[in-house]
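Please review the following briefing alongside the sequence and the three-dimensional view.

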Amino acid sequence: MSNITDLSLNELVDNVKSKKISSKEITNAYVERSKKSNKLNTYIEQTFDSAIKNSEKFDKSPNLEKKLPGIPFAVKDLFCTKGIKTTASSKILENFIPTYESTITQNLWDAGAILLGKLNCDEFAMGSSNETSYFGNVISPISDNLVPGGSSGGSASALAAKLTPATIGTDTGGSIRQPASFTGTVGLKPTYGSCSRYGIVAFASSLDQAGPMTRNVKDCSLLLEVMSSFDHKDSTSVDFKRPNYCLDLNKNIKGKKIGIPKEYRVDGMPKEIDKLWEKGKEYLKDCGAEIVDISLPHTNYALPTYYIVAPAEASSNLARYDGVKYGLRADGENLIDMYEKTRSQGFGEEVKRRIMIGTYVLSSGYYDAYYLKAQKVRKLIKNDFDDVFKKVDAILTPSTPSSAFKVGEKSNDPVSMYLNDIFTVPVNLAGLPGISIPAGLDKNNYPLGLQIIGKPFDEQNILNIAYSMEEKINFKLNIKDWWIK
Amino acid sequence: MAIDLKTVKHISKLARISVNDEKAKKLEKDLNLIFKWIEQLNELNTDKVEPLTSIAETTLRLRKDKILSENIRDEILKNSPNDNKDYFVVPKVLE
């Protein structure tokens, strides 16, 4: 048999169910590989010993009805895990041990999965390259000194390096889809309200969604099936009939109308991306889908809107880190001094910058000019999508305007870093589902992704389209183990 | 509109994040760069547009008024930065 870590999530599940491989064999294989991966800096916390114990426990009385029977998972360190340190990659939460479990991770454990460890990310998920983490940069297994994208950079890197069979991330403006695109993996941001936000360290509550990150589309559909659930503990969780995304996955997309938005052809975009986009259209036509030219006229305004809305929500969400009930506390001469020193020492530069932006746009005299204005433009952006979805079933775009870049290349210019998310941010602002699938390579052999955007709660449709395209694209991620020490 | 050093200091006070002069100067530069870029939103006329306040167009659910977690004082105090086992302790507020 081939190497255990080369098998897909679905293959592992099938092998456990047919008793060909035990949970312990799988867990051991991933633990051994993960132990050699320090160079990538993907893990913040490793729970290898308890993972192996849990796999033994699973094998003793295996419940083979489970959807993820005894499958080990490393997860983004933004999900609270009971009794296990959860830092959001911030100094301010360096020693925080939650006394409760996030709904998403609980869904994973209920389905039989086993925790391998917690993965590095941008601090409070604020970043597009995993360079804002208090615990250092994550390196992409694709090439030395290359960023994996962000904010779910540790998740993407660990997935691409086969340190975990699949993983979960969170996506506020592209934090699942952009790193998936950079690392040649599949990442899906579900419709707002599909996956519970309970127990996820909050960044921007009207935009945050958790989602699956996997090696292929079928794995993505299986993991979404486990993650998505109605949850009373999240006031914005939506109670709708959830399909069996994996069971219902099919390649019948004949007659589907796919929109191509002209505004997503931006200046300075590498030729390869345009070519892949064209190829994507051809593949869809081959599958019997119909290509329709569409316009999303307010696309250009999505990023500036996002950089008002998201920091405003963040400044309010992060007000809780005051050194009183949990997290870092710095000594101060009085209460106010303690707050100011705690937050100054506990937050990194990007987080401070965004809290400052948010505080400014919400401050007296500026609210109407910035925050209210942004909410109005957000409405226009959502209207754009509502209008085109009367004519098309889904939208095809590139996932990012460029491939992965080198560590340090963009960290001195916040605006150029923000531009990474130009194609992913509109989807969050409109609360829609979007999936990034690997589509090809650029001239440096770095992966590039295509994004499929769907109607609200129409994940099955974009998964089916992605599944059809995946077969035609036939992308092979050829990562050498240069990083193994 | 430009953000000056005085405004940066004012925002940092509101945000309860102390910044030294060097950091404030860096923030002044960054924030001006970002807000200059953000101001392209003013190209759009939004006089007649309703603001989007929530993506989930539903009203919040009500639930029965019953206690869901009891006797969790120790759990709540577990991550307190102060050693006191009974209370959250902060620096003296009243003289």
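**Briefing: loops, strands, helices and chain contact**

A:Lys162 is found in the loop between H5 and E4 of chain A, where helices (H or I, at least four residues) and strands (E, at least two) are DSSP runs numbered from the N terminus. This is a predicted model, in which local features need pLDDT of at least 70 and side-chain atom pairs count only at pLDDT 80 or more, while totals for chains, interfaces and linings use all residues. Residues are numbered from 1 along each chain as its sequence is written, and chains are lettered from A and ligands numbered from 1 in the order in which they are written.

**Backbone features in loops**

- Most residues other than glycine have a negative phi, and most peptide bonds are trans.
- The phi of A:Lys162 is near 60°, a positive value in a residue other than glycine.
- A:Lys162 has 22 other C-beta atoms within 10 Å and is therefore buried (20 or more other C-beta atoms within 10 Å of its own, C-beta atoms being placed from the backbone; exposed is 12 or fewer, and partly exposed is in between).
- A:Phe124, in the loop between E3 and H5 of chain A, likewise has a positive phi, near 50°.
- A:Phe124 counts as buried because it has 31 C-beta neighbours inside 10 Å.
- The loop between E3 and H5 of chain A also holds A:Ser151, which a cis peptide bond with omega of about 10° joins to A:Gly150.

**Strands and sheet**

- Strand E2 (residues 72-76) of chain A is mostly covered, with five of its five residues buried.
- E2(A) pairs with strand E3 (residues 114-119) of chain A in the parallel sense over five bridges, pairing being assigned if DSSP finds at least two bridges between two strands.
- In this pair, A:Phe73 stands opposite A:Leu115 in E3(A).
- Eight strands of chain A form an open sheet with mixed pairing, in the order E4-E6-E5-E10-E11-E9-E7-E8.
- Strands E4 (167-171) and E8 (290-294) of chain A are at the edges with a single partner strand each, so one side of each has no neighbour in the sheet.
- Strand E5 (residues 186-189) and strand E10 (residues 434-441) of chain A pair in the antiparallel sense over three bridges, and A:Leu188 stands opposite A:Ile435 in E10(A).

**Helix H7 of chain A**

- H7(A) lies across E4, E5, strand E6 (209-214) and E10 of chain A, running at about 145° to E6(A); axes are lines fitted to C-alpha atoms, for helices over the stretch in contact, and angles run from 0 to 180 degrees between N-to-C directions.
- The axes of H7 (residues 217-227) and H15 (residues 459-473) of chain A come within 9 Å and cross at roughly 160°.
- H7(A) and H15(A) are therefore roughly antiparallel (over 145 degrees; under 35 is roughly parallel, 65 to 115 roughly perpendicular and the rest oblique).
- Residues of H7(A) including A:Cys220 and A:Leu224 meet residues of H15(A) including A:Leu463 and A:Tyr467, contact requiring C-beta atoms, placed from the backbone, within 7 Å.

**Contact between chains A and B**

- In chain A, 53 residues are in contact with 39 residues of chain B.
- H12(A) supplies ten residues, the largest share of the side of chain A that touches chain B.
- H9(A) and helix H2 (residues 21-38) of chain B pack at an angle of about 125°, with their axes 9 Å apart, which makes H9(A) oblique to H2(B).
- A:Pro304, A:Tyr307 and A:Ile308 in H9(A) meet B:Ile34, B:Trp37 and B:Ile38 in H2(B).

Technical notes: Contact = placed C-beta atoms within 7 Å.
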